[in-house]
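I opened a new page for this chain. My entries follow in the order in which I looked things up.

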Amino acid sequence: MFQFFKDTNKISRYFISPGVSEQPDGKFQSAVSLKSGQGSVTQDTVYTFSKLFETAQEAFDHAKHEGMQLALLK
């Protein structure tokens, strides 16, 4: 299960929240949530990445970077 970290980064109309999940082998997988809108019109899209990382910080940094790139493309 991913633990998402509320992030203050906002690109365009998206709030970016990186996520990290520790795998059974001790490595870490990353994901990112891109959230937009408010109230009943909130949209939250989660992207998971297949690359595994040695540390949670590396996974977090990767998710944050990819989230910023995705937000810029939308």
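Predicted model: local features only at pLDDT ≥ 70, side-chain atom pairs only at ≥ 80, totals over all residues.

**Entry 1: Gly67**

With that cut-off I looked up Gly67. I left aside its neighbours within four places in sequence and found Gly67 in contact with Ile16, Val32 and Leu34. Gly67 is found in helix 1, which covers residues 56-73. Is Gly67 buried or exposed? I read a relative accessible area of 0% for Gly67, so it is buried, the cut-off for buried being under 20%. I then took the distance from Gly67 to Glu22, which is 45 residues away along the chain, and got 19 Å between the C-alpha atoms.

**Entry 2: the whole chain**

I stepped back to the overall layout. How many helices and strands does the protein chain have? I counted one helix and five strands. Read along the sequence, they come in the pattern β-β-β-β-β-α.

Next I looked at size. The C-alpha atoms fill a box of roughly 40 × 20 × 20 Å along the principal axes. The radius of gyration is 12 Å, which agrees with the value near 11 Å that a compact globule of 74 residues would have.

Of the 74 residues, 34% are buried. The chain exposes about 4900 Å², and carbon and sulfur atoms supply 51% of that area. I took contacts between residues at least 6 apart in sequence and found that 39% of them join residues at least 24 apart. For charges, I noted 8 positive and 8 negative side chains, with the centres of the two sets 12 Å apart.

**Entry 3: the cores**

I wrote down a general point before looking inside. In soluble globular proteins, nonpolar side chains tend to be buried together.

Which residues make up the largest nonpolar core? I listed eight: Ile11, Tyr14, Ile16, Val32, Leu34, Phe49, Ala63 and Ala71. Strand 3 (14-22), strand 4 (28-36) and helix 1 each supply at least two residues of this core. Another core, of five residues, lies apart from it, and includes Phe28, Phe53, Ala59 and Phe60.

I then followed Ile16, a member of the largest core. Beyond its neighbours within four places in sequence, Ile16 is in contact with several residues, among them Asp7, Asn9, Lys64 and Met68. Gly67 is on the list of Ile16 as well.

**Entry 4: Ser12**

I looked up Ser12 for its backbone angle. Most residues other than glycine have a negative phi. Ser12 is not a glycine, yet its phi is positive, about 55°. Where is Ser12 placed? I found Ser12 in the loop between strand 2 (10-11) and strand 3. Its relative accessibility is 56%, so Ser12 counts as exposed.

Gln43 is found in strand 5, residues 43-53. With a relative accessible area of 47%, Gln43 is partly exposed. Leaving aside neighbours within four places in sequence, I found Gln43 in contact with Leu34, Lys35 and Ser36. From Gln43 to Ala71, 28 residues apart along the chain, I noted 13 Å between C-alpha atoms.

Last I looked up Ser40, in the loop between strand 4 and strand 5. Its relative accessible area is 79%, so Ser40 is exposed. Ser40 and Ser21 are 19 residues apart in sequence, and their C-alpha atoms are 28 Å apart in space.

Definitions and conventions:
Residues numbered from 1 in each chain as written. Heavy atoms only, no water. Helix = DSSP H or I, 4+ residues; strand = E, 2+ residues; numbered from the N terminus. Rg over C-alpha atoms; globule rule 2.2 N^0.38 Å. Buried < 20%, exposed > 50% of the residue type's maximum accessible area, 1.4 Å probe, protein only. Contact = heavy atoms within 4.5 Å. Areas by Shrake-Rupley, 256 points an atom, 1.4 Å probe, with all protein chains shown as cover. Lys, Arg positive; Asp, Glu negative; His and termini not counted. Charge placed at Lys NZ, Arg CZ, Asp CG, Glu CD. Core = buried A, V, L, I, M, F, W, Y, C linked by side-chain atoms within 4.5 Å.
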